[in-house]
Amino acid sequence: MSDRETWSEDDSQKFMELSDLVVPSREEQARLICDLIPAEPGEHFMGVDIGCGEGKLSKAILERYAEAQMTLLDGSESMLTRAAENLGEYAYQIDLRAFDLFQTDWLDELPRRFRCIVSSLAIHHLDDAGKRALFARLFEHLAPGGALLIADLVHPPTEQVADAWANEWDRDVREQSLARTGSLHAFELFQDGWNHYRTPDVEFDMPSLLSDQLRWLEEIGFTGIGCFWLRAGHAVYGGYKP
Ligand SMILES: C[S@@+](CC[C@H](N)C(=O)[O-])C[C@H]1O[C@@H](n2cnc3c(N)ncnc32)[C@H](O)[C@@H]1O
């Protein structure tokens, strides 16, 4: 048994309560990922969402691509239950599965012809070696022309960048909290250790340098690699299988 700190149902409850307020520009990130998927709106294709949580990113994809078929993977029972509720209208287009990100058996059970593999705020729980190995396995599961598109925290290259991202994240959460709820309650909860760039929990959250991740993607054989968006240490990045 590994003694590594893992995501708990308590984490799921807190994240479901606060995610729209504490993740910078979530809808903008999801919209951009939809724009980057190599498909036409009416086309049938298969996608997978790794660490899908409540299924918000997959829902954005299904809203944009009416014929898409999404496999949603998560390790939290309450997240999968919520995802099933949130995606009720797409019940025939989704396949919800429990998985453990720290294992690899779930990859064996996935087909090898995905048009897109997406993931938001989950892969940073793997260390450098874990991410690189996962990217290599995911490459095998993409159809030619398919995309790996990730929205996640990335490691700051310097202390100064960490401070700048921490400040920017605080400002964003303060603004989002006020604009959407008329109060600073969510911002105050966020101050209790949520800002990774101010109080990193290095056993739990292991974002890697963006430059390293883009290099790994290139070494594995991805093309069209890039960071397509970045704010307060949250990046949207990825690449395409030739
Ligand atoms: C921060 S949430 C992000 C959820 C969703 N992708 C989003 O952006 O709203 C992280 C998700 O990863 C899942 N997760 C974390 N560690 C995991 C693991 N070892 N195996 C499977 N799922 C895990 C959690 O259950 C949670 O739903």
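How do the residues of the shell around the ligand divide into nonpolar, polar and charged? They divide into 10 nonpolar, nine polar and four charged. Here Ala, Val, Leu, Ile, Met, Phe, Trp, Tyr, Cys and Pro count as nonpolar, Asp, Glu, Lys and Arg as charged, and the others, Gly among them, as polar.

## Basis of the model

This is a predicted model, in which local features need pLDDT of at least 70, side-chain atom pairs count only at pLDDT 80 or more, and totals for chains, interfaces and linings use all residues. Residues are numbered from 1 along each chain as its sequence is written.

## Around the ligand

The ligand has 23 residues around it, and G51, G53, G75, S76 and S120 come nearest. A residue is near a molecule or strand if its C-beta atom, placed from the backbone, lies within 6 Å of it. Helix α1 supplies the largest share, three residues. Helices (H or I, at least four residues) and strands (E, at least two) are DSSP runs, numbered from the N terminus.

## Helices α2 and α3

Helix α2 (residues 26-36) packs against α3 at an angle of about 50 degrees, and their axes are 9 Å apart. Because of this angle, α2 is oblique to α3. Axes are lines fitted to C-alpha atoms, for helices over the stretch in contact, and angles run from 0 to 180 degrees between N-to-C directions. Angles under 35 degrees count as roughly parallel, over 145 as roughly antiparallel, 65 to 115 as roughly perpendicular and the rest as oblique. The crossing of α2 and α3 is right-handed, a term used if the near helix is turned clockwise from the far one by less than a right angle; anticlockwise is left-handed.

On the α2 side the contact holds A30, R31, I33 and C34, which meet K56, L57, A60, I61 and R64 of α3. Two residues are in contact if their C-beta atoms, placed from the backbone, lie within 7 Å. The residues of this contact are six nonpolar, no polar and three charged. R31 is 29 residues from A60 along the chain, and their C-alpha atoms are separated by 7.3 Å. R31 counts as partly exposed because it has 14 C-beta neighbours inside 10 Å.

## Burial of α3

Within α3, the residues K56, L57, S58, K59, I61 and L62 are buried. A residue is buried if 20 or more other C-beta atoms lie within 10 Å of its own, exposed if 12 or fewer, and partly exposed in between, with C-beta atoms placed from the backbone. The cover over the buried residues of α3 includes α2, β1 (45-50), β2 (68-74), α4, β3 (94-98) and β4 (114-120).

## Helices α1 and α4

The axes of α1 and helix α4 (residues 77-86) come within 8 Å and cross at roughly 40 degrees. This angle is why α1 is oblique to α4. E9, S12, Q13 and M16 in α1 meet S78, M79 and R82 in α4. Two nonpolar, three polar and two charged residues make up this contact.

## Two positive phi angles

L121 is not a glycine, yet its phi is positive, near 60 degrees. L121 sits in the loop between β4 and α6 (128-140). It counts as buried because it has 20 C-beta neighbours inside 10 Å.

A232, also not a glycine, has a positive phi of about 50 degrees. Its place is in the loop between β6 (223-231) and β7 (234-240). A232 has 22 C-beta neighbours inside 10 Å, so it counts as buried.
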